[in-house]
Amino acid sequence: MIRSVVFFTIFLLMHVTCAQDLINLEGKVYDFKTRKDLIGANVQIMDADSNVIATTVASSYIQNGDVKTYNSRFWVSVPKNDDVTYIIKASMVGYKTSYTDVAFAKMSKKQLRKELPPILMKEDNKILNDVQVSATKIKFYYKGDTVIYNADAFLLSEGSMLDALVRQLPGVEMKPNGDIYHEGKLVKNLLLNGKNFFNSNKNIMLDNLPTYMVKSIKVYDKLSDKAEFLKAKESEDKSYVMDICLKKDYSIGYITNSEVGAGDADNTSSKLSPYIGRLFGMRFTDHSGIGLYINANNINDDRRPGQTDSWSPSNMVEGNRKELLSGLDYNVDARNKKWKLHGETNFSQSIYDNERNSYQVNFLKSGDLYERIQNTDRLKNFSLNTEHDFTLTFKTIMLTLYPKLDYHKYDNSSHTFQRAYADTTINKYQSNYLKHGYEWNAGVQLKSTLKIADSYNYVDFGGEFSYREKKYDEFNRYSLQFGNTETLVNHADQYIKNKPNNNTFINAFVSYHHRINSKWSASLEYSIAHTDRKEDSYMYLLDKMQNYETNEFGTLPSIMDYEKSIDTRNSFIQQTCETSHCVVPYIRYGGKQNNGSSLVCQVFFPVSMRSQRLEYLRGEIDTTITRHPLLLGTYGTYAEWRSKDNNTQMYMGYQLVGKTPDLLNMVNMHDDRDPLNIKEGNPNLKCSYEHKYSLSFRKRSKVMYGIQGRYNYISNAIAMGLLYSENGIRTHKAYNVNGNWNASLKGYIQMYLDKLKRFSFTSQESFEHIQNVDLLSQNVLAGMTENKVLSENLSEQINFKYENGKINIAFESKLCYRNIHSSRAGFTEMNIFDYDYGLNGVFAMPWQMQFATDITMYSRRGYGSSELNTDNLVWNLRISKSVMKGRLVFMLDGFDVLGNLSNITFSLNGQGRMETRRNVLPRYTMLHVQYKLNKKPHKK
């Protein structure tokens, strides 16, 4: 394979083209005041006598896979003469014609291009009166490769935030964890007016930006700042983004949006009365912006009446959470585009109370094992993080600095009671646990790009340094009994001191990128990274002290007393060092074909050489483990074809990811800090490799459809083997196993059913096969037995929607079928159906009122008992009234109006079945009041 890559690279380097008698003049046209690109300006190149030599249009794009990002760059070829002066004439409707003189000195024979100074045009105030054009609101359209959604075409409930709008966009799916997918592709960043805005957490903008401010949403592949600096028409340095474009009224000036709400809950499962307070403000100019948000609530719920989403009773958020969130985001761009600054700071404080009572059945070869578990947790957290980026752009070099700081403080407590039994009691365990401490992390990263003069070649270089420190203490007081006896077999009052605990990371990289010709390019990168991690953990058995008395839990006697009770067998000192050298050759082909279609192929082939060392001291264990693995891989390797009109796309990709086992799992030790969950090491672990294959086809037309296939296989996967002993103790040990793989096939179709585009139909289908292999045993002498569980998952989701501007009503149904089976003795095959169907809608009413509602039946079948096979009819609603020309909105929400949701949930998989009773907030009402204020700057 390496021989082929070397031969292929040499062959490509032979195809270098150059021009002999012409030189390319390149430049961009900007608005004199705002420095915005004036796309479509007419540009003429004239000689000193005003004779026109060449004419072009200031319109270009940068190809980012599926999207073209348009700008005002132009290219034109002129005779390559020395000591000549050209006149650059630029004209555009609404602007005064500009003339710029450019003098050329003597040029070298190898010079192929010449960068012109920025062409600046002043706005012409003598423009025609505005003409109003009325048209039917369309939901979305394509501009080049960019998908543009018209926000005003979607009818949403009053007071909705951005997440409500995003969920309604055709082709867009929001996962429960907040990830956004567009046509099956993950959206990596959310932008606001083309700029980063709280980009460390997408949910901040989704939860706080009101939808009434949004004009449109664009989805496209955005080039990085580096690619734009290099003026690369095509580049692999891109990210798939969703750009939120504000309406003109909110793009310049001050905007505030505030909301308060309080309600009443069904206190059978929650002891809290729900409340919410929210403040969001922004100030924007054409080259700067600042945003602020404050949010206080105890809802811990993301349901929205009248919306289509992926919520179901099984993923209802548990626990009561009180939280206070706030943050500040800013950005400033120089008008001359020489520098820009962006940063954000976020603060959060929360108290989380969770009560859980579980009944669990574990499917074992010798017979089922039953467990009852009661947990009460209280988690207090405080966090502060800030990150910034500062970019300087010169003629041939661009520098970006990324400083960041994170701080997290926590104080957690829990109480657990657990009983395991079969025919008789196996064990009973009770514990109180405390953990409090803090951690902080600071770092800085530098990225630089240096242009090679008179060429399209460049050099990247940079580095990173970070330091993390963590200190925390743990207290654990437990008692353990075996069988029916009330005699304590094991009890302890543990204190664990974890410090010092720090991690230092430093790396540097350099890469050279060579453009062979207009379609071929190649690069070679070298990087070196070093990590040094130190962790000390000391366990003290307070109950082993002389004259021990049970103190108040979480308090310590004098240091002289408790230090004598150290448990050396469960205390350790470890230091891990790793140095890695990575070489990444890369080659890319991309460009238009003779028939107008485009083809992009690229290959990354990283080779990583690592040197790992672990020094570990624990009781009688004093060992040093060293490894020098060589990892091969590929990433970002794909081939993509697009038709001339960009409406048809085919893609196939491959990725190889190598992972080294954690050296700590290779230490031959026995860790019984937790008497019911013992950990052991395995010195024979090997590196694992994951192969990822993907294939997709997409067609955009009146009927949009696509299909995507994936196959993943892991060789030498690292799995935690599990040994069940007769007394219910679990022993965990890492092993390498083979046979883990999964394959999936997904498809979608989307269309309008009438000419007025009021009726729409969407269907999504998927099939997935999963083969999971782990190790299980109930007998130490018999050794581990391979446990293979296979499952086939089939799902179908259908949506019919009708909209006419005042009514938005949809019928949606989902069906998920799972077949779980195994060749293991005693395993019962399972055929499980989860399905739901219902209506949701938003209705405009007289007197500036609105009604939003959704009613859905959630059903489960095939779970083996009537308790598990459930039907839950859930009805949510919102009634709103706006006054003061829409600036003040009153909203009344009702969740689970029929009271059919339960705080009991059931889950089932190949290893067991669990019934859980939780403290949740399924049924409540809330009255909201929202006020919005917009102030535009005074015109001068």
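This is a predicted model: local features need pLDDT of at least 70, side-chain atom pairs count only at pLDDT 80 or more; totals for chains, interfaces and linings use all residues.
Which charged end sits over the ring of phenylalanine 229?

1. Lysine 451 is the residue to look for: its charged end sits over the ring of phenylalanine 229, 4.4 Å from the ring centre. A second case to look at is lysine 932, whose charged end sits over the ring of tyrosine 212, 3.9 Å from its centre.

2. Do have a look at the largest nonpolar core, which has 39 residues. Leu162, Leu209, Ile217, Met242, Ile244 and Met282 touch the most other members. Among the elements giving two or more residues to this core are α2 (162-168), β18 (214-223) and β21 (275-284), while β19 supplies the largest share, four residues. Leaving aside neighbours within four places in sequence, leucine 209 has contacts that include Leu162, Ile244, Phe280 and Met282. Another core, of 21 residues, lies apart from this one and includes Ala54, Ala58, Val76 and Ala90.

3. On the aromatic side, the count comes to 29 pairs. Tyrosine 540 lies in strand β30 and tyrosine 562 in helix α6, so the pair ties together parts that are 22 residues apart in sequence. Tyrosine 540 counts as buried at 5% relative accessibility, and tyrosine 562 is buried at 5% too.

4. Finally, lysine 935 lies in strand β54 (residues 924-935) and counts as exposed at 52% relative accessibility. Its C-alpha atom is separated by 9.4 Å from that of arginine 283, 652 residues apart along the chain. Not counting residues up to four places away in sequence, lysine 935 touches Gly253 and Tyr254.

How values were computed: Residues are numbered from 1 along each chain as its sequence is written. Side-chain values use heavy atoms; hydrogens and water are left out. A nonpolar core is a set of buried Ala, Val, Leu, Ile, Met, Phe, Trp, Tyr and Cys residues joined through side-chain atoms within 4.5 Å. Buried means under 20% relative accessible area, exposed over 50%, partly exposed in between (1.4 Å probe, protein chains only). Contact means heavy atoms within 4.5 Å. Rings of Phe, Tyr and Trp (its six-membered ring) pair if their centres lie within 6.5 Å; planes under 30 degrees apart count as stacked, over 60 as edge-to-face and the rest as tilted. A charge sits over a ring if NZ of Lys or CZ of Arg is within 6 Å of the ring centre and within 35 degrees of the ring normal.
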